[in-house]
Amino acid sequence: MTEFVFYTLAIFAVVSAILCITQKSPVASALWLVSTMFALAGIYVLLNAQFIAAMQVLVYAGAVMVLFLFVIMLLNLSQEQSDIRRGLPVVVGVLVGAGFVSALLSLSGTSVAGLAARLAPGVPAGSPLDVLPGGQLQTAAAASNVVGAVAEPMFRTYLVPFEITSVLLLAAAVGAVVLAKRKL
Amino acid sequence: MLLGPSLVLSAILFGIGVIGAIVRRNAIVLFMCIELMLNAVNLSFVALANAHGFGGQVMVFFVMTVAAAEAAVGLAIILAIFRHTRSVDLKTMNLLQG
């Protein structure tokens, strides 16, 4: 049952993504991207990441895509002709995309533990980089609730990056206002 | 477990994002393709978090924050460029072409 739901959502996500990059109108593209993000939120729930799924719907499908739609409608783009490139760029694009996919798929043979040992040989097994080794996720999520299990590493191991994030958001907000304002 | 299929789906979505970023000329759609690539990476983070612990989910949180900041600043830049050239077509953005 889980696998059936997963594959349904996966096909939904891929079809929506393809429609997103082939639609002529930017508004249609944005709406198909929202559809991809909803499918991904469903997949996150299947992967025991309920908090991230809620964040995906609220922040990505909600806030970020509304920002995109605002800008599209603010600019009032009248596009009769398609902006999709023709000829050589399409071939190059498909080749580069296929190259990326095959490069990522060729990694599927390597185990994550082996890759970690090769990339960061000094990290011992019980370090903060490996918070919950080996499939204890469901038990940990059941012990505390779902959000509490994510909050534990976020506010202990990753506390400093979390605080730096707030500075980043402040800088982005000020920068966006400065850039978009006509006269300061 | 869904780890393998999730990583394959992540790779496919990333590839679609790359193709879109190369093929489209509309700057806003280019941004959407970048968001699509970020989402694909998030999916692989979540899939690996499911097998190896919550660190991946925290990383997804940070990626989402950076993506939101990037979208805000990027769209403001596009708005500023649109005031100059009256277009968001990447063909018209060739001031540095020499």
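From the N terminus on, chain A runs α-α-α-α-α-α-α-α, which comes to 8 helices and 0 strands. Here helices (H or I, at least four residues) and strands (E, at least two) are DSSP runs, numbered from the N terminus. The model is a predicted one, in which local features need pLDDT of at least 70 and side-chain atom pairs count only at pLDDT 80 or more, while totals for chains, interfaces and linings use all residues. Residues are numbered from 1 along each chain as its sequence is written, and chains are lettered from A and ligands numbered from 1 in the order in which they are written.

Of the 184 residues in chain A, 26% are buried. A residue counts as buried if 20 or more other C-beta atoms, placed from the backbone, lie within 10 Å of its own, as exposed if there are 12 or fewer, and as partly exposed in between. Among the contacts in chain A with a separation of 6 or more, 51% join residues 24 or more positions apart; two residues are in contact if their C-beta atoms, placed from the backbone, lie within 7 Å.

Within chain A, one helix pair can be followed in detail. Two packed helices are described by the angle between their axes and the distance between the axes. For α2(A) and α3(A) the angle is about 175 degrees and the axes are 8 Å apart. The axes are lines fitted to C-alpha atoms, for helices over the stretch in contact, and angles run from 0 to 180 degrees between N-to-C directions. This angle makes α2(A) roughly antiparallel to α3(A); angles under 35 degrees count as roughly parallel, over 145 as roughly antiparallel, 65 to 115 as roughly perpendicular and the rest as oblique. The residues that make the contact include A:Pro26, A:Ala30, A:Met37 and A:Tyr44 of α2(A), together with A:Gln50, A:Ala53, A:Tyr60 and A:Phe68 of α3(A). By class, this contact has 20 nonpolar, 2 polar and no charged residues. Ala, Val, Leu, Ile, Met, Phe, Trp, Tyr, Cys and Pro count as nonpolar, Asp, Glu, Lys and Arg as charged, and the others, Gly among them, as polar.

The loop between α2 and α3 of chain A holds A:Asn48. This residue has a positive phi of about 65 degrees although it is not a glycine. A:Asn48 is buried, with 21 other C-beta atoms within 10 Å.

Further along chain A, the buried residues of α7(A) are A:Ala149, A:Val150, A:Pro153 and A:Met154. Seen down the helix axis, they fall within an arc of 130 degrees, so they line one face of α7(A); the arc is that of the directions from the helix axis to the C-beta atoms. An α-helix has 3.6 residues a turn, so residues three or four places apart point the same way. The face of α7(A) turned away from the buried side carries the exposed residues A:Gly148 and A:Phe155.

Chain B has 3 helices and 0 strands. Its radius of gyration is 17 Å, well over the 13 Å that the globule rule gives for 98 residues, so chain B is more spread out than a compact globule. The radius is taken over C-alpha atoms, and the rule is 2.2 Å times the number of residues to the power 0.38. Along its principal axes, the C-alpha trace of chain B spans about 50 × 25 × 20 Å. Buried residues make up 57% of the 98 residues in chain B.

Helix α2 (residues 27-52) of chain B includes B:Ala27. B:Ala27 is buried, with 22 other C-beta atoms within 10 Å. Leaving aside residues up to four places away in sequence, B:Ala27 touches B:Ile78, B:Val88 and B:Leu90. The C-alpha atoms of B:Ala27 and B:Leu90 are separated by 6.1 Å, although these residues are 63 residues apart along the chain. In the segment after α3 of chain B lies B:Arg86, which has a positive phi of about 55 degrees although it is not a glycine. With 10 C-beta neighbours inside 10 Å, B:Arg86 counts as exposed.

The two chains meet where 72 residues of chain A are in contact with 62 residues of chain B. On the side of chain A that touches chain B, α4(A) gives the most, with 12 residues. The residues of that side divide into 60 nonpolar, 9 polar and 3 charged.

Between the chains, α8(A) packs with helix α3 (residues 55-85) of chain B at an angle of about 10 degrees, with their axes 8 Å apart. The two helices are therefore roughly parallel to each other. Among the residues that meet are A:Leu168, A:Ala172 and A:Leu179 in α8(A) and B:Phe62, B:Ala69 and B:Val73 in α3(B). By class, the contact of α8(A) with α3(B) has 17 nonpolar, 3 polar and no charged residues.
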